[in-house]
Amino acid sequence: MFRGYLQAQLHRNCIILYAHMLERFVTPNKFSLPPVIRACCSDGAVEEAKQVHAHVVKLGFAQDSYCQNNLIHMYVNFDSLEEARRVFDKMDKKDDVSWTTLISGYSQYGSVDEALSVFESMPVKNSAAWNAVIAAHVQNNRFHEAFNLFNRMRNENVAMDNFVAASMLAACTRLGALDQGEWIHNYIKTRSIEVDPKLATTIIDMYCKCGRVDKAYEVFDSLSSKKVSSWNCMIGGLSMHGKGKDAIALLKKMEAENTVTPDYVTFVNVLSACAHSGLVKEGRYYFSYMTEVYSIAPRMEHYGCLVDLLGRAGLLDEAKKVINEMPMRADVGVLGALLGACRIHGNIDIAEEIGKQVIELEPENSGRYVLLANLYAKAGRYDEVASIRKLMNDRGVKKVAGFSMIEFEGTVSEFIAGGRNHLHAKEIYEKVEEMMARIREEGYVADNDGVVFEEDLENSLNYHSEKLAIAFGLLKTKARETIRVTKNLRVCRDCHVASKLISMVYDREIVVRDRNRFHHFRGGLCSCNDYW
């Protein structure tokens, strides 16, 4: 009965049944207690759970691993990591589930160092434990340490399974580590690791976000069975590479094959693809189409894409009208899309109105203040620039530092603007000077229009993080080899112009992934057609 209620997700019934059992003086055993613990966990029944824990101890099951593992899971779920650790420490015989549950619990709440400490104390580390500790680092954005653990796992001859592969591919995705991602993909193929829908989507996502949308499509096309997540991921990948028409064509193929039905995520990606490619007519069409054909009511994300689409195209009044007529109150993402469009088109009036709303909705986000301040500067309204600076100082908001990453021979190097900590800093800065001199010969002029949060602008612009990363790429890679850079912020106008010229002068393709999309610089042009 306990298991039946649990499987039917009738958690409260399970707890009530346990109470009736006690009222009738029926003694619980090691089989009846674990499902009750799980029911308390799922029902959020903290007080009842503590009583069941007392029964576990009183009835002599304090060393039963099945009961104890469920208690660890329960306390993790209740955000009581100290209690979970106390149960764990009292166990004489800890099995794999005990270790991995506690490691994952620490990870869930961002306590990565504690998770690593538990892992290091394990007498024997199996693949499940390796996966738990690697996943802990990936989920908490500690990617370099995840790679160190992964390399250590390989050196200790621990076989990689599909769980570790998925975690490491996610790390490759975030860092733009294409070489490492390709190695893992090849390992999956040569070792015949089962590629379930989740892993398939992770591989496609890795290739898309590491700049190889062609490889992503190869993987996608080779799948014998494509789940909706795979279709969505591929459409989203085409979107971020500015291939709007290809994204729409893939949607039509999805509909023609008729094996899965497009969902709300499908249309978020299609609308985003239209926004990145300037397909206004198509974007309007699919915004209505998803409701008329699939009865998908527009959500906040769809409205955000529509506002972004109209705003980028310069239809700011129409975008504002969409916001005013939304059936729900626009969130910071939707308003931020309009604010970004105001930056592109220099509309200070709408920007001032929307910018102040966005800042109050997201007061800790420095990018909102910087964007509005730069617009004020461009309009010559320096008193307002000073007010924005003061507001940031009063609130203790610091401008987020931009950084760029580039992979070479399996190692990811990270650069910040003006940073000189890299082992090859001297050669990199000499290469930057050479780069800038050569593109000046082609007509380059520094573009500092509206930039107010940097001192010594000429030098500062020269040493933006992506320029340092590109210089490193030119130093280390072979002639005509593609240079791939990942950046945490939007590429600035100056670096966009400079990258186009560098690609022409050095006859290189330079692929830059910024916060919003990909830019493929080739022969002095960019794949975004300066529409970003």
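## Charges over rings

Lys 94 lies over the face of Phe 88, 5.0 Å from the ring centre. A charge counts as sitting over a ring if NZ of Lys or CZ of Arg is within 6 Å of the ring centre and within 35 degrees of the ring normal.

## Basis of the model

This is a predicted model, in which local features need pLDDT of at least 70, side-chain atom pairs count only at pLDDT 80 or more, and totals for chains, interfaces and linings use all residues. Residues are numbered from 1 along each chain as its sequence is written, and side-chain values use heavy atoms, with hydrogens and water left out.

## Aromatic pairs

Rings of Phe, Tyr and Trp (its six-membered ring) pair if their centres lie within 6.5 Å; planes under 30 degrees apart count as stacked, over 60 as edge-to-face and the rest as tilted. By this rule there are 16 aromatic pairs. One of them, Phe 408 with Phe 472, is edge-to-face, at 6.3 Å centre to centre and 90° between the planes. This pair links distant parts of the chain, 64 residues apart: Phe 408 belongs to strand S1 (residues 403-408) and Phe 472 to helix H27 (residues 465-476). Helices (H or I, at least four residues) and strands (E, at least two) are DSSP runs, numbered from the N terminus.

Phe 408 is partly exposed, with a relative accessible area of 24%, whereas Phe 472 is buried at 4%. Buried means under 20% relative accessible area, exposed over 50%, and partly exposed in between (1.4 Å probe, protein chains only).

## An aromatic cluster

Phe 267, Tyr 285, Tyr 286, Tyr 289 and Tyr 294 form one aromatic cluster.
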